[in-house]
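Subject: Structure handover

Hello,

Here is the structure for your files. My notes on it follow below.

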Amino acid sequence: QVQLVESGGGLVQEGGSLRLSCATSARTGTMYTMGWFRQAPGKEREFVAAINWSGQNTHYADSVKGRFTISRDNAKNTVYLQMNSLEPDDTAVYYCNRILTWPNRPYDYWGQGTQVTVSS
């Protein structure tokens with residue numbers, strides 16, 4: 001059973017920062033390429049960032065490039081998303097997931113997500 005538990009969301013002012021965490025089961029945390037996705041109200045879920053199993057390769061959506069950083073700690077089975085210079089358009093529920101096909105096709109299994117709200 002895959003375990004994906006997102007945390008770290010909250011309410012932040014425009015220009016602020018948040019760090020999201022995704023706790024995974026041991027095998028998922030070390031063997032899989034992982035990614036972050038988000039879904040804003042009334043919109044489809046979209047890709048945000050991906051990182052390969054070693055952490056050496058990353059890929060970002062154009063909308064977050066230069067502002068967000070994805071990383072992972074395989075010893076802790078955790079994937080992170082550091083979000084800086086947040087904008088109101090970043091408001092969404094954020095999900096982590098395994099990546100089926102690099103860089104942005106996810107497996108069809110989702111956790112509960114964590115809400116990020118950016119106020120202007």
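**Notes on the model**

Not counting residues up to four places away in sequence, S25 touches Q1, V2, Q3 and N77. S25 lies in the loop between β3 and α1 (26-31). With a relative accessible area of 17%, S25 is buried, because the cut-off for buried is under 20%. Please keep in mind that this is a predicted model.

**Disulfide**

The structure holds 1 disulfide. It is formed by C22 and C96, whose sulfur atoms are 1.9 Å apart. The pair links distant parts of the chain: C22 belongs to strand β3 (residues 18-24) and C96 to strand β9, 74 residues apart. The link of C22 and C96 is right-handed, with 55 degrees about the S-S bond. C22 counts as buried, at 0% relative accessibility. C96 likewise counts as buried, at 0% relative accessibility.

**Aromatic pairs**

The structure holds 4 aromatic pairs. One of them is formed by F37 and W110; it is edge-to-face, at 5.3 Å centre to centre and with 85 degrees between the planes. F37 lies in strand β4 (residues 34-39) and W110 in the loop between β10 (105-106) and β11, so this pair ties together parts that are 73 residues apart in sequence. F37 counts as buried, with a relative accessibility of 3%.

Y95 and W110 also form an edge-to-face pair, with 5.8 Å centre to centre and 75 degrees between the planes. Here too the pair links distant parts of the chain, with Y95 in strand β9 and W110 in the loop between β10 and β11, 15 residues apart. Y95 counts as buried at 12% relative accessibility. Ring pairs link F37, F47, Y95 and W110 into a cluster.

**Strand β11**

Which residues of strand β11 make up its covered face, and which its uncovered one? In this strand (residues 114-119), T114, V116 and V118 are on the covered face, while Q115, T117 and S119 are on the uncovered one.

Strand β2 (residues 10-13) and β11 run parallel and are joined by 4 bridges. In this pairing, Q13 stands opposite S119 in β11. β11 also pairs with β9, in the antiparallel sense, over 3 bridges. There, A92 stands opposite V116 in β11.

**L86**

L86 is found in the loop between β8 (78-83) and β9 (92-101). Is L86 buried or exposed? It counts as buried, because its relative accessibility is 1%. Leaving aside neighbours within four places in sequence, L86 is in contact with V12, E14, G15, G16, S17, L18, R67, F68 and V118. Another, L18, is 68 residues away along the chain, and the C-alpha atoms of L86 and L18 are separated by 8.3 Å.

Regards

Definitions and conventions. Residues numbered from 1 in each chain as written. Predicted model: local features only at pLDDT ≥ 70, side-chain atom pairs only at ≥ 80, totals over all residues. Heavy atoms only, no water. Helix = DSSP H or I, 4+ residues; strand = E, 2+ residues; numbered from the N terminus. Buried < 20%, exposed > 50% of the residue type's maximum accessible area, 1.4 Å probe, protein only. Contact = heavy atoms within 4.5 Å. Disulfide = S-S within 2.5 Å. Pairing = 2+ DSSP bridges. Phe/Tyr/Trp six-rings, centres within 6.5 Å; stacked < 30°, edge-to-face > 60°.
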